[in-house]
Amino acid sequence: VKPVASAGFLEPDGDGVFRRTDGFDTSGVEFVGDFLEPNLEKIASLEPDLIVGYELQEDLYERLSGIAPTVFVQVFDRPLGEAL
């Protein structure tokens with residue numbers, strides 16, 4: 001599995017930052033906006049095979065699943081690698 005994009009959070013200077021990615025190679029992973037308001041058009045343009053989100057994005061499920069099969073996982077109570 002090779003992630004092609006991820007949401008994260010925006011620094012005050014506007015730079016996008018991925019969260020909880022220590023130990024993961026994020027080179028080549030495109031930033032698609034804030035994790036609570038990802039850029040759906042950008043996600044769709046990448047033609048993902050699968051979208052993995054987390055439970056706080058529940059209100060986005062219908063729109064994300066219109067782009068590609070979508071699953072939500074609980075990521076905050078365990079290490080990211082284990083959650084995925």
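Okay, one term before we start: when I say contact, I mean heavy atoms within 4.5 Å. With that, look at Phe9, which sits in strand β1 (residues 5-10); strands here are DSSP runs of E, at least two residues, and helices are runs of H or I, at least four, both numbered from the N terminus. Skipping neighbours within four places in sequence, Phe9 touches Asp15, Gly16, Val17, Arg19, Phe31, Asp34 and Phe35.

Quick word on where this comes from. It's a predicted model, where local features need pLDDT of at least 70, side-chain atom pairs count only at pLDDT 80 or more, and totals for chains, interfaces and linings use all residues. Numbering runs from 1 along each chain as its sequence is written, and side-chain values use heavy atoms, leaving out hydrogens and water.

pLDDT is the predictor's confidence in each residue, from 0 to 100. The protein chain averages 87, with helix α3 (residues 80-83) lowest at a mean of 76 and helix α1 (residues 40-45) highest at 96.

Glu37, in strand β4 (residues 37-38), is exposed at 66%.

Now the inside. The largest nonpolar core has 7 residues: Val32, Leu40, Ile43, Ile51, Leu60, Leu64 and Ala68. A core here means buried Ala, Val, Leu, Ile, Met, Phe, Trp, Tyr and Cys residues joined through side-chain atoms within 4.5 Å.

Terms used
Buried < 20%, exposed > 50% of the residue type's maximum accessible area, 1.4 Å probe, protein only.
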